[in-house]
Amino acid sequence: MTSTDIGQLVGLAREGDRAAYAGLIRGHYQQVFLTCLGVLGNQHDAEDLAQEVFMKGLTQLNSLRDDSQFGAWISRIARNTCINQLRKRKVSERYMDKAQCQSEGKPATHRIDVQRALAKLPEDLRLPLVLHYFDGRNVKQVAEYLEMSASNVYQRLRQALTQLHDHLVESGDVS
Amino acid sequence: MSGPCKAYQDLIADRVLGHLDPDQGQALELHIKTCPACADYQQALQEDHNSLLQFGEALGETMSPRMEACVAALTQAGPVPEQPVISIRRPKKMSLLIKLAAAAVITVGITLTTVFLPGPTDVQLTLQLVNASLAAENALFTGEQPIYIQNDITVYPTAATKEWGGAWLPMCSLKGDGKFRLDQLKLTAEEDVYTVIDQAWYDPSTGRFVRILEVDKRVIFGNAYDGASVFTAEWQEDGSLQVQPQALGNRFTAPEQPAQFFGLAAGMPSGLDKGTLDLITIEPETLSDGTAVQTFKVGTPALEGRDNQDSYWLFRVRDDDKTVAEKEFVVKGETLLLIRRVLSEPAEAGGINWDMRELHGRRSSSTAPPKAAINADMVQTDISVKHMIEHASFETYMLKQQPAWVDHMEIMDLNIAGPQQRMFTLIGRAPDKRHIVLVQSAAFKQLSQLMESGQINTPEGATLVCETANGFQVGTGAPAGTAKMLLQSAMSVTKAPPSKDCMAYGLLAPDQTFLLLAVNGSLTEEELKQLVNDLIPAKQYLEREK
């Protein structure tokens, strides 16, 4: 989708054309969903928040100043919305020692263990990992998206991969 | 299986991620041939990498149904409420503005600040929006239930941040005697954006509170009152966080205006009068999450010859409840700081205990210095002459007698940017408003040394006004706005904004110490000469007082 196409769709959507907005959703759903997944670590929450983000985008289209920048704009809404959601989780959890998670005793599939391991990562490591592996962005693109240096992204990806491995080892999936 | 060698663990991860350069790759390859543990680790990481790719592919297959579900939900949603079209008015031209909490640089880069103690209740606020916002911020802290507030302080890498080595904000912490300690939240310049999380819990029924600042999940500051004691949490040299209690003094009372203590109202302009209001603009905006706000802009004086130091604060006040949504500090067109209200909501109880016991004894897992830190006692008010002598790295001066038109004098110690810029301000408050502010700084000594060596010239337009019997030379010629800035920095004592006819003078002592004097009004030549002639070395003053 070119920026001209995006600009046209935004213009139509602003005038109430839902089909045009549906086109914007289709063009940006993956990046919004994966941003939500990267911040929240949970697919169900990511799906719910992605819908909330697009609803916000629909109601706030008038505040978008450069229609061609819809993608960056909706991504920013996604990150802010998810970060606020994350912080609404009970603050007391931040300062109390967390109980060790008990094993369920059932053999887990490899895919579920990857998901669990991902959820255990801190969001500042998980988001670059998700964007790199699941959204097909290279390091430079991740750096631009997250407004950080490439060297910082390299460092976070490295930490994310090694920590993910440690979590997978704990879950018994990897020898 | 034993773990990989520490020296190669990161390299292995880099190789799996495809980030290794050829030289490092060769070194790693040679090592792996002889190290089974590292070879196994590399294989395991490669498998994890492949698992992630497979997981991503599987996730991709779920994208279409999720997307269509989202489209269907929004298509079936009711009509979109009409949003007002926001027109942004062009800002009016600005001239001199009130400086809030940021530094202003004069002549050779001396940093001055405006100090905001939690404001006196009799300050006249003539700006209606500021009134409404302060009232709304104060209202957050009333009610029957404890409240939780979180503000995020985001620091951006800008040209100014790099030039200044970072940024800083004033902070207040409560002491056991009921007075406030004025600290400095120092924010280092980093390559990337980072955020300091400022959390506070407050119980209106008892005045109990906890305030914690964190960066990178490390607590850097804690201040609390549990009804019986005041507590501060500070890092010790042994790397542990210690929570220290302070017994309450006889005159202790809990903060009367918590909003100015740890809300976003801290630092809002106060003491404004019509004479200084002429260049504040207000315009409507919408935040990225759709919140409608009124934005008012207050800046710092652009000094003569330093027009490119244009900097200002933007306060964004919500239309719906008039609380402050965010504050933004802009320097040379770039956002340097963004302080954003993330949450303000009732809390069933404090998120941690009112005495912060959970924090005591904590150790940081990182040895790297935090990106933000507290410089305690950035400003100390009403210090003694002895304190000034003991802490100054240069010759300081004191008035041997109080000027006839002054009814109160005190000395303020500003320790903002380290010993080289430590500053002592002698403030004389006058009933007829002709307050005097005399500033002495280590940085001024550097200035006079540079002038002596010819490395810099005396300011153009400098005029010698008089020479006094004690050997001082008094001159004018400081950049426009200097007097105003000096007097603003003393407002916590003078309780009044600078007048339009305020004057600044440079004083050169016989020992070549340089001082700056501001007067909030005009003095006769006799009064000025008498004032300067009364300056004696502080050590000599102390001897006389014994």
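1. Helix α9 (residues 150-170) of chain A packs against α3(B) at an angle of about 95°, the two axes lying 10 Å apart; axes are lines fitted to C-alpha atoms, for helices over the stretch in contact, and angles run from 0 to 180 degrees between N-to-C directions. α9(A) is therefore roughly perpendicular to α3(B), a term covering 65 to 115 degrees. Helices (H or I, at least four residues) and strands (E, at least two) are DSSP runs, numbered from the N terminus.

2. This is a predicted model, in which local features need pLDDT of at least 70 and side-chain atom pairs count only at pLDDT 80 or more, while totals for chains, interfaces and linings use all residues. Residues are numbered from 1 along each chain as its sequence is written, chains are lettered from A and ligands numbered from 1 in the order in which they are written, and side-chain values use heavy atoms, with hydrogens and water left out.

3. In the crossing of α9(A) and α3(B), Leu161(A), Thr162(A), Leu164(A), His165(A) and Leu168(A) meet Tyr41(B), Ala44(B), Leu45(B), Asp48(B) and Leu52(B), where contact means heavy atoms within 4.5 Å. Seven of the residues in this contact are nonpolar, two polar and one charged; Ala, Val, Leu, Ile, Met, Phe, Trp, Tyr, Cys and Pro count as nonpolar, Asp, Glu, Lys and Arg as charged, and the others, Gly among them, as polar.

4. The contact between the chains takes 62 residues from chain B and 55 residues from chain A. Together the chains bury about 5300 Å², 62% of it on carbon and sulfur atoms; buried area is the accessible area (1.4 Å probe) that two parts lose on being put together, summed over both. Leu52(B), Phe55(B) and Leu74(B) supply 13% of the area that chain B buries against chain A, more than any other three residues.

5. Four salt bridges are counted between chain B and chain A, each a side-chain nitrogen of Lys or Arg within 4 Å of a carboxyl oxygen of Asp or Glu. One of them pairs Arg158(A) with Asp14(B) (2.8 Å, N to O). Another salt bridge is formed by the side chains of Glu68(B) and Arg26(A) (2.9 Å, N to O). Glu68(B) lies in helix α4 of chain B and Arg26(A) in helix α2 (residues 18-40) of chain A, so this pair joins two chains.

6. Within chain B, α3(B) and α4(B) pack at an angle of about 35°, with axes 4 Å apart. Here Leu59(B), Gly60(B) and Glu61(B) of α3(B) meet Met63(B), Ser64(B), Pro65(B) and Arg66(B) of α4(B). The contact of α3(B) with α4(B) comprises three nonpolar, two polar and two charged residues.

Notes: Parallel < 35°, antiparallel > 145°, perpendicular 65-115°, else oblique.
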